[in-house]
Amino acid sequence: MRVTFTVNGRSAEADDVWEGESLLYVLRERVGLPGSKNACEQGECGSCTVYLDDVPVCSCLVAAGQVQDRQVRTVEGLADGDRLDPVQACFIKAGAVQCGFCTPGLLVQAHDLIERNPEPSDPEIREALAGNLCRCTGYEKILDAVREAAAIKAGIA
Amino acid sequence: MPTRAPDRAPRDLNQSATTGGVGDSPTRPDGSLKVKGEFAYSSDLFMDDMIWGATLRSPHPRALIHSIDVAAALKLPGVYAVLTHEDVPGHKFYGLDTRDQPVLAVGQVRHQGEPVALVAADHPETARRALKLIQVDYEVQEPVVDPRRAVFDPQCPLVHDDGNIVRHQPVRVGASPDDPAVRAQCAVVVSGEYEVGIQDQAFLGPESGLAIPAEDGGVDLYVATQWIHWDLLQIAPCLGLPEEKVRMTLSGVGGAFGGREDLSMEIHAAMLALRVGKPVKMVYNREESFFGHVHRHPALMTYTYGATAEGKLVFADVEIVLDGGGYASATPNVVGNAASLGVGPYVVPNIKIDAYGVYTNNPPCGAMRGFGAVQACFAYESMMDKLAAELGLDPVTIRQRNVVAQGDKLATGQVVEAPAPVAEMLDTLKALPMPAPADTSDLRNLPGSTANATHGEGVVRGVGYGIGVKNICFSEDFDDYSTARVRLELLGDTVGALVHTAAAEVGQGLITIEAQIARTELGVEQVSIHPADSSVGTAGSSSASRQSYMTGGAVKTACEAVRAAVFERIAQDHGRAYDDLSLAGGKIVSHAEGVIGTLEEVLAAGPIEQTREYHHHRTQRMDPFTGQGNSHTQLAFAVHRAVVDVDVELGLIKVVALDLVQDVGKIMNRLSLEGQLHGGSAQGLGLAVMEEIQVRDGKVRNPSFTDYLIPTILDMPPMRMEILENADPRAPYGLRGAGEPPTLSSTPAIAAAIRDATGLDLRRVPIRPEDLTEGRTDA
C-alpha cells in the first residue's frame with residue numbers, strides 16, 4: 001500500500017508498504033529518518049518515541065497505515081534548523097548522552113513534558129520518563145538535563 | 001562516524017593551559033549528532049541495493065541435526081540465498097579464545113537460539129517467512145542444565161567431547177581451612193550458600209550491521225563491536241579470506257557492557273554478502289538479541305569463613321561454579337577473575353578457593369561489566385555482613401578490620417602496590433548524610449509507587465554497605481596493548497590534530513578523552529577523532545575498564561612522539577639543539593629563551609604523524625595449582641552505601657539512596673566519569689532487585705523488555721558521590737579504570753540493606769518479591 005503523511009513539516013510518501021510494517025520501520029527504512037530507534041520494537045523502551053498529531057507515541061506500535069494524512073514529528077524535527085531545542089542542548093551539556101540510543105525517544109518525551117508542564121518537579125520528571133529505558137546513564141544526568149531545559153524554556157535560566 | 005571536535009570558544013593563545021584538556025569536562029564530540037538523531041548506529045546503515053539477512057535459530061537447547069532442507073525457503077519470491085554450515089567458506093568454528101563455536105550448527109546444537117541457517121531476502125519480513133520454510137530434522141536430547149553436575153558428576157553427559165569443565169582455578173594460601181590449628185584460632189565460623197542469576201547486558205542498540213562485498217573478493221564490514229581487531233582474527237579465517245580483505249569500520253555502538261565482545265552477525269552478514277554480491281544488512285530484534293549475545297555467568301557459590309572474636313579473618317573456604325552454557329566464550333578469564341578476587345579486597349591468611357567454569361546447555365555466558373568479580377563480590381560481601389552479625393560488629397567495622405591497604409597481599413599473593421585507602425573510603429562513605437525519611441504524602445516515594453501498594457504502612461528502612469575491587473586491563477600475562485596514530489597538521493590557517501585509533505567508542509566517552517589528551521599534550525585546541533577501523537593497529541578491547549588507561553596511554557605516547565618531532569624540526573631549522581622546549585597554545589617555547597616559533601611555521605613544511613603502541617607492565621598467569629601470581633595489571637576500588645525502603649508485606653522495594661565513594665586515580669573528565677559511576681551503579685541495582693534471564697530446562701522464558709526488567713528512572717535513586725584521586729604511579733596520568741567497580745559494590749550493598757530491613761537471610765540475587773514474603777502468614 002501507499003502511505004502519505006507529514007513528517008517534520010514535510011510531506012512524505014512511502015510505496016509498497018506491507019500491512020504489518022510499523023511507523024518506525026517506515027520512518028527508518030523508507031523515508032530516511034533513522035533517528036527514531038529500534039531498541040525493543042514492542043513498546044517497552046521508548047527509544048522510538050515520536051509525536052503523532054502532538055501526542056508522543058511509540059512508533060513501533062503504530063501501524064504504518066494509521067498515519068495516513070496525519071502529522072508526525074521525530075527527533076530530527078526538534079531542532080529549528082541548526083539551532084538545537086533547549087532539551088537537546090541540555091542533554092549534551094549535562095552529560096545525559098552516552099551511547100545515545102535512548103536519547104531520541106527521551107528527547108521527544110521530555111520535550112512533550114515541558115510543553116505540558118513548564119516547571120516539572122523531580123517526581124513529575126521521573127513519572128513522565130518512566131517509559132524510556134536508558135542502560136548507560138543511571139538517569140541522574142537525564143534529570144539534570146530536563147530540569148535545566150525546563151528552566152531555560154521558562155526563561156528562568 | 002562523527003569526526004568533529006567539540007565547539008570551543010576562541011581562547012588566548014598565550015594561555016599555557018589549553019581548554020578542553022585532561023581534567024576538564026568538554027562535552028562529547030558525538031553529542032550533537034546524537035541529539036539530532038543523525039548519528040549513524042550500526043542498525044541505521046542503508047544502501048540503495050542492500051538486502052536483508054536473517055538467522056534461523058535452534059528452538060532446542062540440545063539436539064542432533066540429521067538434515068536441513070532449504071528447498072522451500074529458496075523458492076520463496078524475494079529470497080536471494082539460504083546458507084547452512086556447508087556454505088561456510090573457511091573455518092567452520094570460531095570463538096573469543098577457544099574456537100569451539102560453529103559459525104552455523106554442524107550436526108548438533110548446544111543451546112537454545114544457536115544459529116543454524118541464514119537467509120538473505122529483499123525485505124526483513126520475506127526473510128522471516130523464509131526462515132519458517134527451512135526444514136530442520138532435530139533429534140532432541142536431554143539438556144545438561146545443572147552446572148554443579150557438569151563439574152562433579154562423572155556420569156554427566158558431555159556438552160563438548162573434551163569435558164564439561166572449561167577451567168578450574170584453585171587458589172591456596174597458608175594452611176587448609178580444615179586444619180585443626182586453623183580452626184583453633186577461630187571464635188566463629190559462618191557459612192553461606194549464594195546464587196547469582198543470569199544478568200543480561202541489555203544494551204539498547206541491537207546487534208546489527210552492514211556487509212558490503214568488494215571488487216577484490218573481500219568484504220567491508222560496518223558493525224558495532226568492542227574490539228575490531230579481535231573480531232577480525234575470528235572473522236577472516238571463517239570467510240576463508242586474508243585479514244586485509246576484511247576491512248572493518250566501527251559504526252555507532254548503542255551500548256556494549258561486554259555483550260559485544262563475542263561475534264554475533266558479522267560472519268553471517270559477510271557470508272550472505274559474498275554469496276549474493278549485494279550489501280546485506282542484519283538487525284536483530286530484541287528477542288533475537290537475547291539469544292544473539294552471551295550473558296553474565298550465573299553462579300553457585302559456597303563460602304565458609306572463620307574469624308577471631310575481634311573479627312579478623314582466619315580462613316576462607318570457597319567454591320564458585322560459573323555456568324558458561326554451550327560455548328566457552330570468555331569463561332576461562334571470568335573464572336580467573338572469580339578465583340583471584342574470590343575473597344575480594346580482604347586479607348585472609350588461610351585460603352582455599354576453587355572456581356570452576358563449565359559447559360552446559362544453558363544460555364552461553366561470557367563478558368559483562370564486572371566480569372567474574374561481580375558474582376564473587378555478592379558472596380564475599382554477604383559473608384562479611386554475616387560475620388559482623390555473628391560477632392555483633394558493625395558492618396563497616398568488620399570491613400575496616402580486614403580490608404587491604406597499600407602493601408597488603410591479595411589472595412593471589414599479589415601485593416597491592418598503588419594506594420588503596422579503602423578503610424578511609426568507608427569512613428568517608430559513612431559520614432555522607434543519610435536521606436530523609438520517606439515523604440509518604442507522595443506515593444511515588446514509596447515501594448510500589450503509584451500502584452498504591454502502601455501509604456507507608458509495613459515499610460521498613462534498611463542500610464547496607466558493599467566494597468568492590470576490580471582488576472583493570474586484561475590479566476594473566478595478556479599483552480592487551482593499544483595503538484594510536486596522531487597527526488598534527490595545518491588546516492587552513494589553524495593547527496589541528498587528528499587522532500586515529502581502532503578503539504571502540506561504545507558510549508563510555510573514550511573519544512572525548514582521546515581529544516582531551518591530545519589537547520593537553522600538544523597544546524592545540526582543534527582535535528578530530530578519525531573513525532575507528534582496522535587500517536590502524538589494534539587498540540584492544542573496550543572492556544575491563546581499560547581504554548582510558550591503554551588507548552589513553554597510546555594517544556599520550558603518540559602525542560609525545562609528535563611533540564618530539566616538532567622539537568626536532570625546529571632545532572634543525574634553527575641549526576642548533578634545545579633541551580628545554582615545551583608546546584603551549586600553538587607556540588614552541590624555550591624555558592630559557594621564550595617563544596622560539598609557532599606550530600604554524602613548523603608545520604608549513606608538512607604534517608607530522610607518529611604511530612605508537614602502548615603496553616602495560618607484564619603480568620603473570622595464575623599458578624594452576626595455587627593460584628599465586630601477579631596476575632592483575634591494576635586494581636580499582638569502589639564502596640557503596642545503599643538505603644532501601646522495603647514493603648515487608650508485599651515484598652516491594654524502593655532504593656532510596658545509593659551513595660558511592662570511588663578512587664579513580666585521576667579525574668580525566670568529571671562529567672563523563674560521573675555518568676560511568678551512575679550507570680555502573682544502576683546495573684548493580686538491576687542485578688540486586690530485578691534483572692534475571694529466567695531459564696527452565698535450558699530455555700529462556702523472558703527474552704523481552706516486557707519480562708526482563710532493567711531499572712527505569714523511577715527505580716534509580718539520586719546518588720551522592722565522593723570521587724578520590726590517589727594516583728596509580730604506573731598508569732597514564734595516574735588514572736584508574738572506573739566503569740566496572742561500581743557495578744560490583746552496588747549489588748551487595750542493596751542486598752545488605754534489604755536484609756537489614758527484613759532480617760531475612762537473602763542468599764540470592766536478584767531478590768524477588770516472593771523471596772521477601774515467603775513464609776509470612778499475613779502476606
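Analyst: Strand E3 (residues 49–52) of chain A and E4(A) pair in the antiparallel sense over four bridges. The model is predicted: local features need pLDDT of at least 70, side-chain atom pairs count only at pLDDT 80 or more, and totals for chains, interfaces and linings use all residues. Residues are numbered from 1 along each chain as its sequence is written, while chains are lettered from A and ligands numbered from 1 in the order in which they are written.

User: Why are E3(A) and E4(A) called paired?

Analyst: Two strands pair if DSSP finds at least two bridges between them. E3(A) and E4(A) have four bridges, so they are a pair. Within E4(A), Val57(A) stands opposite Val50(A).

User: What makes E2 and E4 of chain A edge strands?

Analyst: The open sheet of chain A has five strands in the order E2-E1-E5-E3-E4, with mixed pairing. Strand E2 (10–14) and strand E4 (55–58) each pair on one side only. Strands (E, at least two residues) and helices (H or I, at least four) are DSSP runs, numbered from the N terminus.

User: How do you know that helix H3 of chain A packs on the sheet?

Analyst: Contact requires C-beta atoms, placed from the backbone, within 7 Å. Helix H3 (residues 103–116) of chain A touches E3 and E4 of chain A. Its direction makes about 45° with that of E3(A); axes are lines fitted to C-alpha atoms, for helices over the stretch in contact, and angles run from 0 to 180 degrees between N-to-C directions.

Conventions: Contact = placed C-beta atoms within 7 Å.
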